[in-house]
Amino acid sequence: QVQLVESGGDLVQPGGSLRLSCAASGSFLSISTMGWYRQAPGKQRELVAKITRGGSTNYAGSVRGRFTISRDNAINTMYLQMNSLKPEDTAVYYCNAMITTFQTPYRDYWGQGTQVTVSS
């Protein structure tokens, strides 16, 4: 069974930094594109950033230049370095990954989410 587990969410002051991690575990063949999404109260879930297995990245305009997505394929882990945080970055952040298992090719998996709160 495949699991994605996020960590690193916290309460931080405006202008501060946080680093989120997402670790994939279980039995699978490969992980292709991974991404971070977020959902603020009363809003739809939105893409924050995504990264291919080869390292190509894509960012939402609202976070470009402040957030950096990366991954370590050797340990099946993805990161999101968030700098210059703003109150509008407050949301539950979710990890997403396209994973191929022995039974199913390219299926979407989601983590349980980690809360990021930016407030003074």
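This is a predicted model: local features need pLDDT of at least 70, side-chain atom pairs count only at pLDDT 80 or more; totals for chains, interfaces and linings use all residues.
Is C95 buried or exposed, and what is its relative accessibility? At 0% relative accessibility, C95 is buried, a word used here for under 20% relative accessible area, with exposed meaning over 50% and partly exposed in between (1.4 Å probe, protein chains only).

Residues are numbered from 1 along each chain as its sequence is written, and side-chain values use heavy atoms, with hydrogens and water left out.

**View 1. A disulfide joins C22 to C95.**
The two sulfurs sit 1.9 Å apart; a disulfide is a pair of cysteine sulfur atoms within 2.5 Å, and by this rule there is one. The link is left-handed, with -65° about the S-S bond. It connects distant parts of the chain, 73 residues apart: C22 lies in strand 3 and C95 in strand 9 (residues 91–100).

**View 2. Four strands make an open antiparallel sheet in the order 1-3-8-7.**
Strands are DSSP runs (E, at least two residues), numbered from the N terminus, and two of them pair if DSSP finds at least two bridges between them. Strand 1 (3–7) and strand 7 (67–72) stand at the edges with a single partner strand each, so one side of each has no neighbour in the sheet. Neighbouring strands are turned by 15° against each other on average, direction ignored, where axes are lines fitted to C-alpha atoms and angles run from 0 to 180 degrees between N-to-C directions. Strand 3 (residues 18–25) meets strand 8 (residues 77–82) over six bridges, and L20 has L80 as its bridge partner.

**View 3. Strand 7 shows two faces.**
In a regular strand, side chains alternate between the two faces of the sheet. Six bridges join strand 7 to the antiparallel strand 8, with T68 opposite Q81. In the hairpin of these strands, which has four residues between them, N76 takes a positive phi near 55°.

**View 4. T114 belongs to strand 11 (residues 114–118).**
T114 is buried, with a relative accessible area of 10%. A polar atom of its side chain lies 3.1 Å from the backbone nitrogen of G9. Leaving aside residues up to four places away in sequence, T114 touches (heavy atoms within 4.5 Å) several residues, among them E6, L20 and Y93.

How values were computed: A polar contact is a pair of N or O atoms within 3.5 Å; within protein, one must be able to donate a hydrogen and the other to accept it, and residues adjacent in sequence count only if both atoms are side-chain atoms.
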